[in-house]
Amino acid sequence: MNGRKRHPGEEKAEAEKKKKLKVTQHQGHPHGLYNQGATCYLNSVLQVLFMTTEIHGRLDAESQTTDRELRKVFEQLEEAPCETKNFTRSFEIENVYQQRDAAECLELILHRVSPKVSEVFQGQLTHTTTCSEGHSINEETNSFWTLPLSLKDAHDAPYTYSVESGFKMIFQTKSFSEDNLVYCNGCQKKTGATSGCEMEKHPQILTLLVKRFDLDPVTMSHVKSNRCVDVPRALQSKNKEYKLYGMVNHVGSLRGGHYTATILSKEDDTWYEFNDVHVNK
C-alpha cells in the first residue's frame with residue numbers, strides 16, 4: 001500500500017476523475033465477473049440477477065447475508081469488473097474448481113435471499129384430476145421458481161425445439177381411459193378421467209429451464225441433447241405477456257462445459273454476451 005500523503009489538489013482531481021468514470025461506465029458497456037476456476041455457472045446467474053432490476057430495491061442489506069453480498073456485487077459491477085470470492089465464501093462454496101449446475105445455483109440463491117427478493121420469481125401451479133362424472137379426484141397447488149421444459153417429451157421437428165410449444169405442453173389436458181383408468185372415491189371404482197394444470201399465480205419474472213441433460217436408459221448415464229432451441233422474444237400466458245431479457249447458455253458436455261449469459265441491457269437496449277470477465281455486444 002502506498003502511504004504517501006496527498007495534496008488537497010490531488011485528492012480533488014482524483015475525486016472528479018472517479019465521479020466522471022462512474023457516470024461513463026454506468027451509461028456505457030457492462031462489466032464482467034472474474035472466474036475463480038470453474039465459477040462460470042455462478043457468474044452467468046449473477047449477471048442475469050444484476051440485470052433483473054426488479055429485485056434491486058428489495059435486497060435487505062441489514063437482515064440477510066445473501067442480500068448483502070448480492071448488493072455488494074451489484075454495486076461493484078456498476079464500477080468495474082469484480083471478484084466473487086466473498087460471495088462464494090458466504091455460500092460455503094469451497095471448491096471453486098468444481099463444475100456445478102447454473103439452474104441449481106439460481107435455486108440456491110433464491111432459497112437464501114430474503115422472501116421479498118425470491119417472491120419476484122415465485123409462481124404457483126394447480127394440478128387437478130377430475131373423473132368423467134365430474135368428481136374431483138385430486139387437486140394440488142405448488143409453488144415454483146423455475147419451470148422445467150423437457151426436450152425428451154417434445155414432438156417438434158427432430159432438430160429444433162420450440163420453447164413456446166414446450167411451455168404450452170405444461171397446460172395441455174391429459175386423458176385417462178381404457179388400460180389407464182384411475183380410482184375415484186365418488187364413483188367407488190376405476191374410471192376415465194382428465195388431468196390439467198393451471199397457472200394459479202403468475203410470477204413477475206418467469207424462469208424456464210430447458211432440460212438438455214437426461215438419463216439414457218440404454219447406457220444408464222446422463223447425456224446432453226444438442227438440439228437447436230427456438231426461443232421467442234415474447235411468451236403469452238393467459239392475459240400476461242413475458243418479454244425475454246436474459247438467457248444462461250451451456251456449451252460442452254456433462255463432464256466438461258462452460259456457461260455464458262446473453263442479456264438485454266436496459267441502459268442502452270442492447271444485447272450483450274457475458275463470458276466471465278469478457279463482455280461483448
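**Strands, a helix and cysteines**

Guide: With a strand pair. This is a predicted model. Strands β16 (residues 257-265) and β17 (residues 270-275) run antiparallel and are joined by five bridges.

Visitor: What holds such strands together in general?

Guide: Strands of a sheet pair through backbone hydrogen bonds, in a parallel or an antiparallel way. Now the case here. Alanine 261 has phenylalanine 274 in β17 as its bridge partner.

Visitor: In what order do the strands of the open sheet lie?

Guide: The order is β15-β16-β17-β18, four strands with antiparallel pairing. The edges are β15 (246-252) and β18 (278-280). Each has a single partner strand, so one side of each lacks a neighbour in the sheet. From one strand to the next, the twist averages 20°.

Visitor: Which helix lies across β15, β16 and β17?

Guide: Helix α2, residues 40-51. Its direction is at about 10° to β16. Look for serine 44, which is found in helix α2.

Visitor: Is serine 44 buried or exposed?

Guide: Buried. The cut-off for that word is under 20% relative accessible area. Serine 44 counts as buried because its relative accessibility is 2%.

Visitor: Which residues does serine 44 touch, leaving out those up to four places away in sequence?

Guide: Val248, Tyr259, Thr260 and Ala261. Ala261 is the residue whose bridge partner in β17 is phenylalanine 274.

Visitor: Let us turn to the hairpin. Which strands form it?

Guide: β10 and β11, with four residues between them. Methionine 220 sits in the turn and has a positive phi of about 55°. Four bridges join β10 (residues 213-216) to β11 (residues 221-224), and these strands run antiparallel.

Visitor: Now the cysteines. How many disulfides does the structure hold?

Guide: First the general idea. A disulfide is a covalent bond linking the sulfur atoms of two cysteines. The structure holds zero disulfides. Cysteine 131 is in none, and the nearest cysteine sulfur, that of cysteine 187, is 3.8 Å away. The cut-off for a disulfide is within 2.5 Å.

Visitor: Is cysteine 131 buried or exposed?

Guide: Cysteine 131 is buried, because its relative accessible area is 4%, and the cut-off is under 20%.

Visitor: What is the relative accessible area of cysteine 105?

Guide: The value is 7%, so cysteine 105 is buried.

Notes: Residues are numbered from 1 along each chain as its sequence is written. This is a predicted model: local features need pLDDT of at least 70, side-chain atom pairs count only at pLDDT 80 or more; totals for chains, interfaces and linings use all residues. Side-chain values use heavy atoms; hydrogens and water are left out. Buried means under 20% relative accessible area, exposed over 50%, partly exposed in between (1.4 Å probe, protein chains only). Two strands pair if DSSP finds at least two bridges between them. Helices (H or I, at least four residues) and strands (E, at least two) are DSSP runs, numbered from the N terminus. Axes are lines fitted to C-alpha atoms, for helices over the stretch in contact, and angles run from 0 to 180 degrees between N-to-C directions. Contact means heavy atoms within 4.5 Å.
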